[in-house]
Amino acid sequence: MSSSKIDFLYLSENDMILAGVEDMAGCIDTMEELFSLIGKGDYRMGGKNGNEHGIMMKFPETSDVEGMPLLGPDYRFVAMPAYVGGEFRMCGIKCYGSNQANREKGLPRSVLMLTLMDRETGVPLAYMSANILSAMRTGAVPGLGVRYLSIKNPKTVSIIGPGVMGRTALQSFVCEKPGIETVKIKGRRQSGIDSFISWIKEHCPGVKNIIVCKSEEEACRDSDIIYFGTTNAAVFEDNPHAESEWLKPGALIMSTSVLLMESGFLSDTSRCKLVSDNQKMYEGWAEGAELPAQKNVSTLLGMAFYDVVASGKLPRSGITEIGDIINGKAKGRESEEQIIVYAVGGMPVEDVAWGYRILQNARKKGIGTTLNLWDKPEMA
């Protein structure tokens with residue numbers, strides 16, 4: 001660098017909106033670029049295998065230390081480092097704190113920020129609000145799955161978990177497949193269902209029919225695209241599940257959170273195809289854990305994929321990576337009757353890639369506030 005002076009750009013949530021963070025079509029395209037790079041190995045995340053979701057800190061369930069916070073539902077703090085290559089060539093760290101009790105204070109469950117840094121020096125380039133960014137990339141990756149894995153003309157979508165993730169997922173589905181006419185909803189609280197219906201009417205005008213379902217079975221039956229986006233239940237067995245007999249031929253079922261499925265179905269390649277966003281991440285999580293790792297480590301669907309391989313029910317080659325499909329190294333959907341199960345765990349490379357695009361837009365439009373780190377480092 002020609003100067004030791006360091007300035008970086010701060011982007012508030014409103015700045016992010018002005019810079020286009022809510023552009024779902026652009027976000028899906030960016031995720032396609034990213035997963036092509038993942039398929040080529042041009043990325044890194046944390047951990048010794050370079051595929052860690054992030055490092056998590058939780059508080060203890062009990063403590064004798066005065067003032068020590070105690071563990072509660074979704075109460076955690078996470079740092080998620082990543083590098084994305086290709087034309088991005090960018091490092092970043094997404095950090096967030098999560099606590100379900102936040103809602104009682106008028107806050108989102110999670111409060112997120114993203115720092116983008118020069119890949120060689122670690123110099124900060126931008127510090128940005130990441131709640132909307134994270135929600136958009138979380139919805140865009142299932143949308144990318146619809147681009148490559150759904151039947152040609154899906155008409156019916158089911159959303160199990162009509163929260164923020166459900167909204168951005170549905171937004172991505174109708175972005176990719178504007179012919180979607182019916183949305184089926186399964187939620188836990190009537191207030192959340194009502195809010196979701198109002199959102200659909202405002203943001204998805206092509207949807208003609210909205211059906212509220214009483215059970216997961218009702219939601220899954222006769223749907224072309226099925227999406228699970230719920231939070232963890234206190235008891236593992238109480239988490240959402242889907243049975244194979246509920247799925248119609250050609251269904252694409254996916255989850256960005258909690259989903260339990262029969263191992264016999266997942267391991268039978270004659271009945272379904274398994275596609276993962278990055279199976280190496282789940283393998284890293286499961287290292288050293290007793291089977292089923294999905295119960296001991298995470299209820300994410302990708303952990304169920306790991307379990308059927310680790311138990312010898314399916315060869316590792318039975319899991320197809322979405323990046324390999326994008327790069328033409330593997331097949332996606334092979335027929336209109338094939339059932340596909342798509343696991344999405346969420347990764348910081350997604351935040352870095354979309355954050356980089358928004359930073360580019362902000363610079364072009366003169367959006368954001370320039371902050372000074374130093375004119376000259378005191379301790380160089």
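A crossing of two helices is termed right-handed if the near helix is turned clockwise from the far one by less than a right angle, and in this predicted model the crossing of helix α3 with helix α4 is right-handed in that sense. The axes of α3 (residues 131–149) and α4 come within 7 Å and cross at roughly 40°; since angles under 35 degrees count as roughly parallel and those from 65 to 115 as roughly perpendicular, α3 and α4 are therefore oblique to each other. On the α3 side the contact involves Ala135, Met136, Thr138, Gly139, Ala140, Pro142, Gly143, Val146 and Arg147, which meet Val164, Met165, Thr168, Ala169, Gln171, Ser172, Phe173 and Glu176 of α4. The residues of this contact between α3 and α4 comprise nine nonpolar, six polar and two charged.

Helix α4 (residues 164–176) also packs against helix α5 (residues 190–203), at an angle of about 25° and with the axes 11 Å apart, which makes α4 roughly parallel to α5. The crossing of α4 and α5 is likewise right-handed. Here Gly166, Arg167, Leu170 and Gln171 of α4 meet Ser195, Phe196, Trp199 and Ile200 of α5, and the residues of the contact divide into four nonpolar, three polar and one charged. Gln171 of α4 is listed both in the contact with α3 and in the contact with α5.

Among the strands, β5 (residues 90–98) is largely enclosed by the rest of the structure, because seven of its nine residues are buried. Strand β5 pairs in the antiparallel sense with strand β4 (residues 76–84) over nine bridges, and within this pairing Tyr83 stands opposite Cys91 of β5. The two strands β4 and β5 form a hairpin with five residues between them, and Gly86, which lies in the turn, has a positive phi of about 60°.

The C-alpha atom of Arg103 is separated by 44 Å from that of Ala380, the two residues being 277 residues apart along the chain.

Definitions and conventions
Residues numbered from 1 in each chain as written. Predicted model: local features only at pLDDT ≥ 70, side-chain atom pairs only at ≥ 80, totals over all residues. Heavy atoms only, no water. Buried < 20%, exposed > 50% of the residue type's maximum accessible area, 1.4 Å probe, protein only. Helix = DSSP H or I, 4+ residues; strand = E, 2+ residues; numbered from the N terminus. Pairing = 2+ DSSP bridges. Axes fitted to C-alpha atoms, helices over the stretch in contact; angles between N-to-C directions. Parallel < 35°, antiparallel > 145°, perpendicular 65-115°, else oblique. Contact = heavy atoms within 4.5 Å. Nonpolar A, V, L, I, M, F, W, Y, C, P; charged D, E, K, R; others polar.
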